[in-house]
Amino acid sequence: MEQAKTLLKQIYGFDSFRKGQEEIISGIVEGSDTLAILPTGGGKSVCYQLPALLLPGTTLVISPLISLMKDQVDSLRRLGVSAAFLNSSLGAAEYREVLRSAMQGEYKLLYIAPERLDSAMFGSLSEQLQIPLIAIDEAHCVSQWGHDFRPSYRQLAGWIGRMPNRPLVAAFTATATPEVADDIEAMLRLNRPRRYVTGFARPNLALSVVTGVDKKRFLAQFLKERAEQSGIIYTATRKETEEVCGMLQASGIEAGKYHGGMGDAERAEAQEAFRFDRSRVMVATNAFGMGIDKPNVRFVLHWQMPGDLESYYQEAGRAGRDGEESDCILLFEPADMQVQRFLIEQGSGDTERKSIQLAKLHQMMNYSRTQRCLQQFIVDYFGETDVEACGKCSSCLDKSEPVDRTEEAKMALSCVGRMKGRFGVTMAAKVLKGSRDKRLLEFGLDRLTTYGLMSRLPEKEIADWLYWLVAEGYMRLSEGQYPTVSLTANALPVLEGKEAITQRVRASVRQAAGNASGHVSPLFDALKQWRRETASLEGVPPFMIFFDATLKEIADARPMDMDELLSIKGIGGAKGAKYGAALLDIVQTMSAESGDTPPTPRLQTASRAHRSVSAQAGSGEETPSHLQSLQLFREGLEPAEIARERGMSQVTVEGHIIRCAQEGEEVDWDRIIPPHLEEAILAAVREAGTEKLRPIKDAAPPEVTYFAIHGVLCKHGY
Ligand code: ADP
């Protein structure tokens with residue numbers, strides 16, 4: 001496993017494995033079929049990509065998500081790994097070309113969409129190629145107990161079984177209840193698989209359920225507090241997508257939209273704009289997202305409750321893939337349940353499937369009302385019970401006092417009781433409101449004693465209140481397209497005055513988190529600006545160059561040379577070679593301009609891994625970069641000349657020389673500190689302290705350079 005760890009650093013730039021990754025990778029490499037259940041953002045890709053690199057031959061990756069495939073392959077290529085994909089987005093000629101190269105074994109990883117596969121294709125691939133491993137992503141699609149069943153997945157097991165040398169099979173998913181997990185193993189006919197469940201908790205997500213608010217006002221405030229952040233708003237219908245998006249655009253927010261009613265080109269454009277950070281907020285139906293792996297989505301807000309917790313967690317889980325603090329907000333109104341019931345009843349699916357869906361809807365409803373830690377509630381649903389309360393969801397943070405609503409409950413319950421289960425919620429609300437509705441009058445409902453009892457409230461609010469009572473189990477709705485409402489046994493104690501009813505209004509979410517996107521530092525901004533320009537030149541989304549977290553770490557650590565840069569998370573060999581010089585340049589320039597002291601260079605000798613990487617990274621030799629600069633300095637070249645010769649900035653070279661001095665190398669101080677200025681610089685240091693360079697520079701004579709100041713600090717042991 002040492003080898004896997006070295007590759008993790010060299011290729012991806014990551015220092016350590018995430019939870020479960022090491023066990024999963026070693027299990028596969030040792031020859032076990034595998035079912036791995038990792039939360040979204042848990043790092044599934046690495047779990048099959050690293051074995052693919054360690055095993056001889058070409059690993060096949062089956063994935064249903066076309067856009068994700070492209071991203072993965074692009075990312076792998078940027079990391080210097082040969083990979084390609086076969087799916088319907090390729091033209092015929094391109095497809096043949098990829099297939100031809102694949103057959104020659106040119107790729108370490110070949111991504112294939114399941115509908116591109118058939119028996120013949122599997123046959124010829126396995127005849128011509130050495131296939132050590134088949135990785136199946138989104139494996140829950142094979143199970144009809146899951147929420148996203150895809151018939152094409154069902155065939156996989158048969159084809160794999162008929163391959164002459166059956167490869168290892170590793171299945172991955174983020175959402176599987178224990179039944180779904182069993183079903184995946186059975187349906188894919190995994191061979192005595194090792195099962196890994198690393199846990200479903202997403203500690204960087206703050207989950208909230210918000211009820212009883214004016215949604216539009218809430219959203220406006222929410223976005224105002226997150227002016228820099230990128231996020232997704234999910235709505236239940238296309239119409240709402242249009243409405244919410246229009247509203248945001250009208251208030252000057254860069255919002256895009258995505259739903260099934262838009263043309264392919266328009267949708268692709270909207271998706272690209274979001275991935276490239278050109279639009280900040282995406283308003284969408286659930287058609288958007290499968291395959292979106294934009295890492296810096298800082299919030300996912302649901303305008304309405306979705307139909308089941310698996311869908312909710314998968315959609316909400318698109319926030320915070322990069323591990324940074326992110327928010328998942330569910331705006332919930334009790335009437336949402338009706339919308340979802342309607343969708344289920346209208347949907348295709350047989351009676352069994354519908355009753356599974358109704359049970360799932362019930363759980364979703366419970367989540368929306370629970371006062372338990374929301375993170376605990378969700379992981380419990382997936383069969384995990386030993387997770388501590390998260391401390392940041394709306395339940396954990398809720399300090400509000402419940403409001404006594406017994407009187408209103410009595411009014412509503414007695415009204416519904418008098419309507420004898422013959423009418424729906426809407427009509428009951430009209431009666432309580434005292435409406436002059438024609439049908440109401442025809443039925444003589446205005447003669448009920450409860451008519452007009454709640455006339456001071458808007459009708460919609462009364463309906464919501466009735467739905468809340470349904471959700472709490474005091475009333476029930478009948479099945480069918482036009483459900484009627486009636487009392488349950490729970491209503492009796494309330495009507496008799498034996499039970500009080502309290503309700504919490506949960507209207508607030510935690511303050512906007514101070515995460516990477518909200519990080520204020522001129523250096524971070526400069527790095528982001530560089531990333532935007534570079535991404536636009538290369539035609540890729542900014543996150544594919546570097547994540548926010550990586551830029552933030554660079555801004556904090558201010559690396560002085562390639563070795564230090566490569567020690568930052570998210571910078572592997574290939575990216576270091578490609579972008580290292582530009583990044584160092586920005587760091588040096590900005591540090592000099594702001595007058596900040598770069599952190600003391602670490603007195604380390606470059607590790608073997610670093611050294612071989614810096615060799616790839618352009619230095620060409622085994623000698624560390626800063627020593628090469630010193631060599632030239634000793635030969636009499638001035639920093640500016642060295643910089644020209646080595647193709648780096650002067651500040652970088654000066655940093656190299658100071659670093660050598662700090663490491664105990666002999667330097668000619670007089671060439672760094674003009675002797676006649678040394679005393680003046682020392683005086684300035686005494687006056688201004690050593691916390692920042694700028695005040696020293698201001699206190700010293702104007703001709704003193706930062707190089708000289710660094711020199712004095714080093715020579716005199718500050
Ligand atoms: P999943 O498919 O499980 O949702 P990904 O494979 O897309 O997750 O990984 C999520 C993010 O985490 C990716 O950006 C990936 O580069 C990063 N990542 C994966 N493994 C590690 C690790 N060991 N250390 C740091 N970051 C990691």
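## Helices α13 and α16

Helix α13 (residues 309–316) packs against helix α16 (residues 374–381) at an angle of about 125°, and their axes are 11 Å apart. That angle makes α13 oblique to α16. Angles under 35 degrees count as roughly parallel, over 145 as roughly antiparallel, 65 to 115 as roughly perpendicular and the rest as oblique. The crossing of α13 and α16 is left-handed.

From α13, Leu309, Glu310, Tyr312 and Tyr313 meet Gln375, Phe377, Ile378 and Tyr381 of α16. Contact here means heavy atoms within 4.5 Å. By class, the residues of this contact are six nonpolar, one polar and one charged.

## Basis of the model

This is a predicted model, in which local features need pLDDT of at least 70 and side-chain atom pairs count only at pLDDT 80 or more, while totals for chains, interfaces and linings use all residues. Residues are numbered from 1 along each chain as its sequence is written, and side-chain values use heavy atoms, with hydrogens and water left out.

Helices (H or I, at least four residues) are DSSP runs, numbered from the N terminus. Axes are lines fitted to C-alpha atoms, for helices over the stretch in contact, and angles run from 0 to 180 degrees between N-to-C directions.

## Helices α2 and α3

Helix α2 covers residues 21–29 and helix α3 covers residues 44–54. They pack at an angle of about 40°, with axes 9 Å apart. The two helices are therefore oblique to each other. Their crossing is right-handed.

On the α2 side, the contact is made by Gln21, Ile24, Ile25, Ile28 and Val29. On the α3 side, it is made by Val46, Cys47, Leu50, Pro51 and Leu54. The contact of α2 with α3 divides into nine nonpolar residues, one polar and no charged.

## Helices α10 and α11

Helix α10 (residues 215–224) and helix α11 (residues 238–250) pack at about 50°, with their axes 12 Å apart. That makes α10 oblique to α11. The crossing of this pair is right-handed.

Lys216, Leu219 and Leu223 of α10 meet Val244, Met247 and Leu248 of α11. This contact has five nonpolar residues, no polar and one charged.

## Around the ligand

There are 16 residues around the ligand, and Ser16, Gly41, Lys44, Ser45 and Arg321 come nearest. A residue counts as near if one of its heavy atoms lies within 4 Å.

A backbone N or O atom of Gly43 lies 3.1 Å from a ligand oxygen atom. For Gly42, a polar backbone atom is 3.4 Å from an oxygen atom of the ligand.

Key: Left-handed = near helix turned anticlockwise from the far one by under 90°. Nonpolar A, V, L, I, M, F, W, Y, C, P; charged D, E, K, R; others polar. Polar contact = N/O pair within 3.5 Å; in protein donor to acceptor, adjacent residues only side chain to side chain.
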